[in-house]
Amino acid sequence: MPFFVLKKRSIIMFFILLTVVASASIWLIMNTGSETVFNQEMKDEVREIHMVTGEFKATLSDGKEIESYRWDPGTIFMEKGEKVNLMISGINGAEHPFSIEGTDIKGIVKKGEETVVPLQFKKDGVYRLICHTHQDKSQNGPMIAYIVVD
């Protein structure tokens with residue numbers, strides 16, 4: 001007949017482990033209705049997204065300079081119905097008149113200044129932020145950013 005021997009140390013460790021598991025179970029049962037930080041909705045808060053105007057310059061082997069302008073970051077993401085202030089800092093280029101496709105939003109970003117564009121979209125989709133000074137390659141563009149709403 002085999003014997004099972006328990007040492008005092010093993011019995012104490014068993015009770016400590018049992019106490020920890022019981023405490024964790026009670027805590028989980030008591031907090032089942034709580035929302036985690038990631039699921040909380042910010043009802044009236046306005047999120048800020050910062051963007052800058054940027055320029056890339058290069059010199060070709062024949063000495064010709066080429067340049068291209070862009071919004072940075074080139075893509076931003078927001079939720080449908082979310083309130084966002086798009087803070088655009090003018091870093092490169094004298095000014096960038098812009099519009100957001102599919103909306104009535106228009107404005108100008110000037111070098112050394114910050115332009116605040118309040119956004120709140122009711123429909124999902126991809127909206128293009130287009131600079132009218134740099135619309136295509138012939139004008140050192142296209143200078144387009146994408147606003148992804150889902």
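In this predicted model, an open sheet is built from four strands, arranged in the order 2-1-4-7 with mixed pairing. Strand 2 (65–72) and strand 7 (114–119) lie at the edges, each pairing on one side only. On average, neighbouring strands of this sheet are turned by 20° against each other, direction ignored. Within the sheet, strand 1 (residues 47–59) and strand 2 run antiparallel and are joined by eight bridges. A handy landmark along this pairing is Lys-57, which stands opposite Glu-67 in strand 2.

Turning to charged side chains, four salt bridges are found in a search of the whole structure. One of them joins Arg-47 to Glu-82, with the closest N and O atoms 2.7 Å apart. This pair links distant parts of the chain, as Arg-47 belongs to strand 1 and Glu-82 to the loop between strand 3 (75–78) and strand 4 (84–89), 35 residues apart. Glu-82 is buried because its relative accessible area of 18% falls under the 20% limit, whereas Arg-47 counts as partly exposed at 31% relative accessibility.

Another salt bridge is formed between Arg-128 and Glu-101, whose closest N and O atoms are 2.9 Å apart. Here too, distant parts of the chain are linked: Arg-128 sits in strand 8 (residues 125–131) and Glu-101 in the loop between strand 5 (95–100) and strand 6 (106–110), 27 residues apart. Arg-128 is partly exposed at 28% relative accessibility, and Glu-101 is partly exposed at 39%.

Arg-70 and Asp-72 also form a salt bridge, with 3.1 Å between the closest N and O atoms. Arg-70 is partly exposed at 31% relative accessibility, as is Asp-72 at 40%.

Key. Residues are numbered from 1 along each chain as its sequence is written. This is a predicted model: local features need pLDDT of at least 70, side-chain atom pairs count only at pLDDT 80 or more; totals for chains, interfaces and linings use all residues. Side-chain values use heavy atoms; hydrogens and water are left out. Two strands pair if DSSP finds at least two bridges between them. Helices (H or I, at least four residues) and strands (E, at least two) are DSSP runs, numbered from the N terminus. Axes are lines fitted to C-alpha atoms, for helices over the stretch in contact, and angles run from 0 to 180 degrees between N-to-C directions. Buried means under 20% relative accessible area, exposed over 50%, partly exposed in between (1.4 Å probe, protein chains only).
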